[in-house]
Protein chains: 2
Amino acid sequence: MSVNCPSSPSPRYAAAALLRFVSRLFEAAGLEPSRAEVVAEALLEGDLMGHSTHGLQLISRHLDGILGGAIARDGNPIVVADHDAAFTWDGGYLPGPWLVRAAMKIGFERIGRLPVVTAVIRRSGHIGCLAAYPRLAVERDLMMLLTSSDPGVEIVAPHGSTEPRYTPNPIAAGWPTTGQPVIVDTSPSTTTAGMLGRLARAGATCAGPWLVKASGEPTDDPAILSVPGGGAILPLGGVELGHKGFALALIVETLTSALAGFGRADGVEQDGASVFLQLINPRLFGGLNEFRRETSWLADACTTAAPRPGLAPVRMPGARGLALREQQLRDGVTLHEDTLPGLKRWAGHFGIPAPLPIGTRDAHATAS
Amino acid sequence: MSVNCPSSPSPRYAAAALLRFVSRLFEAAGLEPSRAEVVAEALLEGDLMGHSTHGLQLISRHLDGILGGAIARDGNPIVVADHDAAFTWDGGYLPGPWLVRAAMKIGFERIGRLPVVTAVIRRSGHIGCLAAYPRLAVERDLMMLLTSSDPGVEIVAPHGSTEPRYTPNPIAAGWPTTGQPVIVDTSPSTTTAGMLGRLARAGATCAGPWLVKASGEPTDDPAILSVPGGGAILPLGGVELGHKGFALALIVETLTSALAGFGRADGVEQDGASVFLQLINPRLFGGLNEFRRETSWLADACTTAAPRPGLAPVRMPGARGLALREQQLRDGVTLHEDTLPGLKRWAGHFGIPAPLPIGTRDAHATAS
């Protein structure tokens, strides 16, 4: 997880202008307008909540995928199974954010009369920032779980090994309280490929020994991942307690690829995702008021627990992201420096002017 | 997680004799025979699989609970909600293992026609070793998720804090492959109270800085937990990546207490559990053969990944436990030294002779 910390001199962009611009890029690449907008929304949401490695920085991955044919421009998922409370789709490598939002829409239609609705999607395009989705469920007073793996990528080592075998396998969740919702977007691995790429480009090291070299030595060097056979990301828990992260990551692999019936066993070469999504309706369990009473009580108990000396008060997951989102919707969005070249590239490619930073005089120039 | 490593001189006990003995203890305490046997089975299963801190060592906790009235001798759970694919029980502090097995039984009846069956139980007695349960689902070609929290106990600190606010929150899972099943029993916290108690009694330290002192300093001293205000267990990830373990533990709190509608907000004083249990039927998703093909492929890929120098080959979660279980069912069960005094105490209390180690001549003496 990375967080933008906007400082006063950073240029800010109006969220609506960014959304419109990115939607137009995806339309220009061949998506129908409603799908283009959903994809743009999901990616922008990453930046809004401060997950800048999984926000608009990913537009090249998505647009290159569409133009190169790895991501499908149109069509619909194939229904592999539908048993009302659960359905399985073959996503045909349609854009991941659109598939997830489409599955959520069906889930929302069913969840009023069902306690739990589960969806799994195989052969989805990359779904971006997982934190982008649960808020939409929370606004309906639902709990949501979302997790994904990419069967075409191997960068995390099983506990005790030096060779990568699976992906960081993010786990997201969201649920209501009586106040601010809780939005989790985490993983059972020490870090992500996006974060390591950013650190490597900056010549920086990780804050701890998050990787293991092929020699077996733990390391904070993010660059080893870009060398074939160089090593792997460690499971959460590192060399000491990595059996825990490994076990949790295997649960994710199983809920996503195994349940969807397609994954690493199929020798997947292309970038994509297996997705597991679950909506849970507290009204049909112990009651919504009881649910919110408990989640609120625990949030209060945690945020008022004594911080370690020198640290800020405890934050609940998502608290910083939701506050940043609100502020950025109001004052403009700060984009990470790694994100701007992609926007410029695609503005030029399609001849669609990129939005200018707020306060820029020449409204017809493109972003530089 | 702790693992018995039986060496030749350790006494071994016939599993059937232990089961019969422990069942009789619970019958003597007032449980009806079928319930007594289920509880005894679940506790013995902990020892069989090598989770000796959560096996028969817990009989005093359970028997003291029953005799003291904290655990109910008889009665049935109250159905708070039942919507076929999900049900919520108030367990009335009936014995946890019996409640879990009863919920699983109902789940097994429904899962043939439902893709997912979810059960949550509030006010359950302690459920023991979570690894004891998923095997029964896996034998039916199901995937199972099981997680619990104890709203009456606070021993883990939120990330960035020194004060405990929740429990280690174990997460178990099981699923079939074409070979040996995978059985996960882990947690998003560095360790458990049971393990710390054992280390503290032995005057040993943790293998790493798994706790935080009230002063804010990380420590490997297990004894700080027994001092009120002394400190707390750290989330998985420790001081550096503990936001991940904290977030995952909050998901568990929410699936268990919040969904069941009863928890920390209710000022629970007594030892017990909130339980979330989910059965998943791969046949009604992407298909059972496809599921097993994927889980087997991944297990093979992980166990053949190059180990770190000096380490044994990668093991899948549960592999050691299942092998140990098979061996101990055949050759006898090795009990941890911390477990024997409890067996002796209750044998004496109820006048029920404890089994003798295999090979002991005097079959009428009690364990010493």
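Trainee: What makes strand β8 of chain B a partner of β9(B)?

Mentor: This is a predicted model, so everything here is computed from it. Two strands pair if there are at least two bridges between them. Strand β8, residues 211-213 of chain B, has two bridges with β9(B). Therefore the two strands count as paired, and the sense is antiparallel.

Trainee: Which residue stands opposite B:L211?

Mentor: That is B:T219, in β9(B).

Trainee: Why are β9 and β10 of chain B called edge strands?

Mentor: Look at the order first. The open sheet of three strands runs β9-β8-β10 in chain B, with antiparallel pairing. Strands β9 (218-219) and β10 (231-233) of chain B each pair on one side only. In general, strands of a sheet pair through backbone hydrogen bonds.

Trainee: Now a single residue. Why is A:T254 called buried?

Mentor: Buried means under 20% relative accessible area. A:T254 has 2%, so A:T254 is buried.

Trainee: Where is A:T254 found, and what is A:T254 in contact with?

Mentor: A:T254 belongs to helix α7, residues 238-260 of chain A. Leaving aside neighbours within four places in sequence, A:T254 is in contact with A:L259, B:M143, B:W175, B:F291 and B:T295. Contact here means heavy atoms within 4.5 Å.

Trainee: How do you know whether the radius of gyration of chain A agrees with that of a compact globule?

Mentor: Set the two values side by side. For 368 residues, a compact globule would have a radius of gyration near 21 Å. Chain A has 20 Å, so the value agrees. The C-alpha trace of chain A spans about 55 × 55 × 50 Å along its principal axes.

Trainee: What share of chain A is buried?

Mentor: Buried residues make up 62% of the 368 residues in chain A.

Trainee: How many helices and strands does chain A have?

Mentor: Ten helices and twelve strands.

Terms used: Residues are numbered from 1 along each chain as its sequence is written. Chains are lettered from A and ligands numbered from 1 in the order in which they are written. This is a predicted model: local features need pLDDT of at least 70, side-chain atom pairs count only at pLDDT 80 or more; totals for chains, interfaces and linings use all residues. Side-chain values use heavy atoms; hydrogens and water are left out. Helices (H or I, at least four residues) and strands (E, at least two) are DSSP runs, numbered from the N terminus. Buried means under 20% relative accessible area, exposed over 50%, partly exposed in between (1.4 Å probe, protein chains only). The radius of gyration is taken over C-alpha atoms; the globule rule is 2.2 Å times the number of residues to the power 0.38.
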